[in-house]
Amino acid sequence: MAGKVFFSVSMSLDGFIAPESVGELMGRQWMELQGWIFPQRFFRENLKLGGGGEEGRDNDIARETFERTGASVMGKRMFDAGEQMWPESAPFHTPVYVVTHTERDPWERLGGTTFHFVNDGIESALDQAREAAGDRDVRIAGGGATILQYLNAGLVDEFTISLSPVLFGGGIRLFDGVDASKVALEQVRSESSSRVTHLTYAVRRR
């Protein structure tokens, strides 16, 4: 099990990664936050939106993030929102482990995505995801509360923030509640385009 555990999210300049209400997903602010990825060729290919799209470093980063991921973990809030919005061929194409208190049989989608529902905590979900991923990485897909649980538990190796030139003014903050006494960061790289700045950090225990 050589793979890393990582997360990769878009974040506003004032620190938010999502609106407070699930009903506001796909709203104007969220679309602006994610605006850097929508024109990318890989994004269009993965969601079967047709040909065309931009190529360049933003596109490469989107593709590299997908290709390194052997399995994903997410929380119930993210799954509930995505269940209504994802196409029939969900965009993961790997096993996905949903941390929840709800018991449910695995849900298989077209294109290789199967959602597994884990009722015994974040470590169990991660163990199952690691086994499924093999030597590839495990992505903590979100949402913010789930990412924070893994970060505070010392289970994240690396993360990338795609910092968008957007202000939210409210919503879900990525690091609201982080245990800064336990988490130290080392900057790995910084890459900018005309749309966004990608910041990657290694995570260390203090």
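Buried means under 20% relative accessible area, exposed over 50%, and partly exposed in between, with a 1.4 Å probe and protein chains only. The model is predicted, so local features need pLDDT of at least 70 and side-chain atom pairs count only at pLDDT 80 or more, while totals for chains, interfaces and linings use all residues. Residues are numbered from 1 along each chain as its sequence is written, and side-chain values use heavy atoms, with hydrogens and water left out.

**Exercise 1.** Classify Gly 53 by accessibility and list its contacts.

Step 1. Gly 53 sits in the loop between α2 (41-46) and α3 (57-68); helices (H or I, at least four residues) and strands (E, at least two) are DSSP runs, numbered from the N terminus.
Step 2. Its relative accessibility is 40%, so Gly 53 is partly exposed.
Step 3. Contact means heavy atoms within 4.5 Å. Leaving aside residues up to four places away in sequence, Gly 53 touches Pro 39, Gln 40, Arg 41 and Arg 44.
Step 4. Pro 39 is 14 residues from Gly 53 in sequence, yet their C-alpha atoms are 5.4 Å apart.

**Exercise 2.** Decide whether Asn 59 is buried or exposed.

Step 1. Asn 59 belongs to helix α3.
Step 2. With a relative accessible area of 3%, Asn 59 is buried.
Step 3. Beyond four places in sequence, Asn 59 touches Gln 40, Arg 41, Phe 42 and Glu 54.
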